[in-house]
Amino acid sequence: MRDFSYFCSMSGIYIHIPFCKSKCGYCGFYSLPSLKLKERFLGALKEEMVTRKRYLKSETVNTIYFGGGTPSLLTVSEIDDLLHLINTHYPLAENHEITLEANPDTLSLDYLQALHKMGVNRLSIGIQSFFDEDLKYLGRKHNANHARQCLDWAKQAGFDNISIDLIYGLPTSDAKQWSHNLDIFFDYDLPHLSAYALTLEPNSILTKQIELGKAQPINEEDALRDYEILCRGAKENGYLHYEISNFCKRGMHSKHNASYWFGTPYAGFGPSAHSFDGASRQWNVSSVVDYCEAMSAVSHHCFVVPPRNNAKRVQEKEQLSPEQCYDEYVMLRLRTHWGIDLKWMKREMGERFSTFCEQHAQPLVAQGRLSQTREFLYLTDEQMLFADGVAEELFWE
Ligand code: SF4
């Protein structure tokens, strides 16, 4: 049964914390390996959160997500301040989800206890591997023992909604070691796992090291092998594969991330953060310095208007056409186990889109690349890895 009731009438807040202790070898995200600008950034962030408080049109906020970067580099009182500000300016749902991404090298039992006490109720911990040789290859700053220690602390602090990230397809890990990594995760009996294939980002440290022959190259076949092990293991251990990279125990999916796939509005604050209001997207400049400068200069009504005097624009905005909305819906929903809801599409987007989608889906269904029930088009576990290719064939543009 595909239940969508949770996703009606809600919105989310994403806060990007753009600092890390140091850069991991594989990282392609925007973050600075220093805390020098932290105080200035927090001032600008608060300014943005207040200035744009009408962006969500007073919709109830169901989810708050601290992502990065490394949000766990903020002190307890800095996080408390931000939550207090949200509480003052935004209507919050009663059981709202508050997720904080955390890296093991920043965590302690005291810190986790304080977070839990202030209302953070979901942790997403960047474990990446329970093996030291993998962590070293990835350029992570923690070791395998500390990764386990953090999970024990998180449970001890009272968190029962814990997700971890793992990375597969590493040249330092064979099928046996990857299975062992997963077994350690299953033994912790955590409700959520995000698992990603290692990819080489342009200009990452790892990409350069591989080009110079200083690090082992990665192999696509290893990633495919590990993905199969992952899907099989997750299923055997009672996890629902609800998005290409995400697995959860019943009802324990990330509500915040699911709202992206369901097209619910969200406001993103901080450098490089994206926002969506149902009809347009906007995104902030990817530079802490430019962000802080723009935030100190920007006034309430010219937030997305090109600024005068050659000052840098803090945000870009794109109005989505109906065709772009259709393509986005297809792309996002095919990544999930909920799939494309043809009835919804006909009602909300119009018959020309649902007919187009159904017609273009038929050859894919016949080839076994896509599955169909009367109202839904979706990908099975085995088909999910090829979601992008299938989506492209259903695109309007
Ligand atoms: S902790 Fe995350 S954001 Fe920071 S450098 Fe490592 S991968 Fe990038």
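User: What makes up the shell around the ligand, by class of residue?

Analyst: In this predicted model, the shell divides into 4 nonpolar, 6 polar and 1 charged residues.

User: Which residues are they, and how do you know that they are around the ligand?

Analyst: They are Cys20, Lys23, Cys24, Cys27, Phe29, Ser31, Gly68, Gly69, Thr70, Asn103 and Gly126. Each is listed because its C-beta atom, placed from the backbone, lies within 6 Å of the ligand.

User: What makes β14 and β15 a pair?

Analyst: Pairing needs at least two bridges. β14 and β15 are joined by 2 bridges, so they pair. They run antiparallel. Ser371 stands opposite Tyr378 in β15.

User: In which order do the strands of this open sheet lie?

Analyst: The order is β13-β15-β14, with antiparallel pairing.

User: Why are β13 and β14 called edge strands?

Analyst: β13 (340–341) and β14 (371–372) each pair on one side only.

User: How do you know that domain 1 and domain 2 touch?

Analyst: Contact means C-beta atoms within 7 Å. On that basis, 9 residues of domain 1 are in contact with 9 residues of domain 2.

User: Which elements give two or more residues to that side of domain 1?

Analyst: They are α8 (220–236), β7 (240–243) and α9 (255–261). β7 gives the most, with 4 residues.

User: What is the class make-up of that side?

Analyst: It has 7 nonpolar, 1 polar and 1 charged residues.

Key:
Residues are numbered from 1 along each chain as its sequence is written. This is a predicted model: local features need pLDDT of at least 70, side-chain atom pairs count only at pLDDT 80 or more; totals for chains, interfaces and linings use all residues. Ala, Val, Leu, Ile, Met, Phe, Trp, Tyr, Cys and Pro count as nonpolar, Asp, Glu, Lys and Arg as charged, and the others, Gly among them, as polar. Two residues are in contact if their C-beta atoms, placed from the backbone, lie within 7 Å.
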